[in-house]
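Here are a few notes to read alongside the structure. Have a look at it first, then go through the points in order.

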Amino acid sequence: MQATAIPPNELTPKHKPPSHGEPERDAIGSLVDRISIDLGQRIKEVREMLDQIEQRALQSAAGAMGTLKDHVAVCDKLSAEVIRVKAVVSEINKQVEG
């Protein structure tokens, strides 16, 4: 036997939910609403903290990248100078040898 739904306009007193306990149901509903709102607020706060951490990490990475580029530029210049000095020293060495 399959249960059939009764349309709301055809509810008879025996089909209507009892009116007793309504304050308790309202209190439970209110409690669930407050818990949901509180949980939503806490999740929002965590998201905001994660956004701040992400921004700081990106700023730090950008700063590190700038510093790294500066170091690479210095090393590149130093390498070019070492090659130039080596050529000069090699030329002097050839002159000394003879």
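1. Start with R84, which makes a salt bridge with E81, their closest N and O atoms sitting 3.1 Å apart. By salt bridge I mean a side-chain nitrogen of Lys or Arg within 4 Å of a carboxyl oxygen of Asp or Glu. R84 and E81 are 3 residues apart in helix α1, so about one helical turn separates them. R84 is partly exposed at 45% relative accessible area, and E81 is partly exposed too, at 40% (buried is under 20%, exposed over 50%, partly exposed in between, with a 1.4 Å probe and protein chains only).

2. A word on the source: this is a predicted model, where local features need pLDDT of at least 70 and side-chain atom pairs count only at pLDDT 80 or more, while totals for chains, interfaces and linings use all residues. Residues are numbered from 1 along each chain as its sequence is written, and side-chain values use heavy atoms, leaving out hydrogens and water.

3. How many salt bridges does a search of the whole structure find? It finds 2. R42 also forms one with D38, with the closest N and O atoms 2.9 Å apart. R42 counts as exposed at 52% relative accessibility, whereas D38 is partly exposed at 36%.

4. As for the fold, the chain has 1 helix and 0 strands (DSSP runs: H or I of at least four residues for helices, E of at least two for strands, numbered from the N terminus). Of its 98 residues, 0% count as buried. Helix α1 covers residues 22-97, E48 among them.
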